[in-house]
Amino acid sequence: MSLSTFNAEEAENLDDIEKQFAVKAVTQAETYWNLLTKIPGTKLKLTPYDDEIFEALLKDFPEFENPEYASKINEDEMKSLSGKERWRKFMKPFEEKIDDFNFGTLLRTDSSKEYDQEGTIFVVRLQFYAIEIARNKYGLNDWISQK
């Protein structure tokens, strides 16, 4: 079963399933962080579609042309009614290309900091890819491998 077709309404044992989703999100964040500690973000490829995702991000969200905008994410803006609509439009062309594009994923709100409770938000995987691809292209994550 693909997670993007998962129907929570028909699932049994929702508490266990929620825990499994949380564990998977944390595991993904730990894996990504471990990669960044070993490989500069500028040399990292997250998907076969990195360039396409980045170009679409800049087209739909021209504010991401500014590396400072990519470095600090405003959760309220991102999850506002208009923000959600913009992200939905952005994600549509990738629904068939990116596995589990809408699976919950953890994102650091500030690329100059590590994952922590205050600076981590829950986003869908394609939002994570788009923002982290931009951060990597701008060299905003390279500091992690240089620690």
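This is a predicted model: local features need pLDDT of at least 70, side-chain atom pairs count only at pLDDT 80 or more; totals for chains, interfaces and linings use all residues.
## The second largest pocket

By class, the lining comprises 6 nonpolar, 2 polar and 3 charged residues.

Two secondary-structure elements, helix H5 (81-91) and strand E2 (120-124), each contribute at least two residues to this lining. The largest share comes from H5, with 4 residues.

## Fold and packing

The chain contains 7 helices and 2 strands. Along the sequence these elements are arranged as α-α-α-α-α-β-β-α-α.

Of the 147 residues of the chain, 42% are classed as buried. The accessible surface amounts to about 8,800 Å², and carbon and sulfur atoms account for 51% of that area. Among contacts between residues at least 6 apart in sequence, 71% link residues at least 24 apart.

## Confidence of the model

The mean pLDDT of the chain is 88, and 87% of the residues reach at least 70. Confidence is highest in helix H2 (residues 50-60), with a mean of 98, and lowest in helix H1 (residues 14-38), with a mean of 82.

Residues 1-6 have a pLDDT below 50. Beyond near neighbours in sequence, this stretch makes 12 contacts in the model.

Terms used
Residues are numbered from 1 along each chain as its sequence is written. Side-chain values use heavy atoms; hydrogens and water are left out. Buried means under 20% relative accessible area, exposed over 50%, partly exposed in between (1.4 Å probe, protein chains only). Contact means heavy atoms within 4.5 Å. Accessible areas come from the Shrake-Rupley method with a 1.4 Å probe; for residues, only the protein chains shown count as cover. pLDDT is the predictor's confidence in each residue, from 0 to 100. Ala, Val, Leu, Ile, Met, Phe, Trp, Tyr, Cys and Pro count as nonpolar, Asp, Glu, Lys and Arg as charged, and the others, Gly among them, as polar.
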